[in-house]
Amino acid sequence: MIRQVVAFVENQKGVIRRVVTLLREEGIRICGLSTVDSPEFGIVRMVVDAPDAASASLSKAGFVVKECEVIAVEMKSPDEMESLLEVIQDGNVNINYFYSSFGSSGERPVLVLHTDDMDEAEAMLNSHGFCCMSSRA
């Protein structure tokens with residue numbers, strides 16, 4: 001599993017750019033990003049190369065931030081997504097959300113997912129030959 005940084009932001013013009021610019025100025029590389037919004041607020045989920053630094057920078061800038069673990073699976077091909085989803089469903093584990101990432105090396109896409117049972121999902125995926133990434137920190 002890897003750590004994901006989650007920032008809670010006001011739903012305003014330019015706020016995502018503000019988050020991205022802040023992290024770039026701090027030398028933090030965003031490897032994957034997903035947003036969800038409602039009329040008043042948004043959730044920005046990110047896989048970054050320095051989660052501690054990203055959380056600190058975003059908190060200092062006034063954002064509410066939390067970190068959580070997610071499973072990051074390096075995909076050999078886009079066709080693997082259906083197989084991955086089949087393994088999770090057959091294991092009776094619910095996926096709360098998932099999004100694609102640029103990957104840490106930029107060579108292969110990475111599918112980032114959060115489930116009701118992270119340990120079980122990661123074990124199932126590993127046992128079926130999927131390449132689950134782990135945090136370097």
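**Notebook: two helices and a loop residue**

I began with Asn-92, which sits in the loop between H3 and E5, where helices (H or I, at least four residues) and strands (E, at least two) are DSSP runs numbered from the N terminus. I noted that this is a predicted model, in which local features need pLDDT of at least 70 and side-chain atom pairs count only at pLDDT 80 or more, while totals for chains, interfaces and linings use all residues. Residues are numbered from 1 along each chain as its sequence is written, and side-chain values use heavy atoms, with hydrogens and water left out.

**Entry 1: Asn-92**

I looked up the backbone of Asn-92 and found a phi near 60°, a positive value in a residue other than glycine. I wrote beside this that most residues other than glycine have a negative phi. Asn-92 is exposed, with a relative accessible area of 70%; buried means under 20% relative accessible area, exposed over 50%, and partly exposed in between (1.4 Å probe, protein chains only).

**Entry 2: helix H3**

Which residues of helix H3 are buried? In H3, residues 80–90, I listed Glu-80, Leu-84, Val-87 and Ile-88. They cover an arc of only 95° around the axis, which puts them on the same side of H3; the arc is that of the directions from the helix axis to the C-beta atoms. The buried residues of H3 pack against strands E4 (64–74), E5 (95–101) and E6 (110–115) and against helix H4 (118–127).

I then checked Leu-85, which also belongs to H3 and is partly exposed, with a relative accessible area of 30%. Leaving aside residues up to four places away in sequence, Leu-85 touches Ile-95 and Phe-98, contact meaning heavy atoms within 4.5 Å.

**Entry 3: helix H2**

For helix H2, residues 51–60, the buried residues are Pro-51, Ala-54, Ser-55, Ser-57 and Leu-58. Seen down the axis of H2, they fall within an arc of 165°, so they line one face of the helix. The face turned away from the buried side of H2 carries the exposed residues Asp-52 and Lys-60. Among what covers the buried residues of H2, I noted strand E1 (2–10), helix H1 (15–25), strand E3 (41–48) and E4. Just after H2, Gly-62 takes a positive phi of about 100°. From Leu-85 to Ser-57 I read 28 residues in sequence and 35 Å in space, C-alpha to C-alpha.

**Entry 4: the chain as a whole**

How many helices and strands does the protein chain have? I counted 4 helices and 7 strands, and along the sequence they follow the pattern β-α-β-β-α-β-α-β-β-α-β. With 137 residues, a compact globule would have a radius of gyration near 14 Å, and the protein chain, at 15 Å, agrees; this radius is taken over C-alpha atoms, and the globule rule is 2.2 Å times the number of residues to the power 0.38. Along its principal axes the C-alpha trace spans about 40 × 30 × 25 Å. Of the 137 residues, 43% count as buried. Among contacts between residues at least 6 apart in sequence, 68% join residues at least 24 apart.
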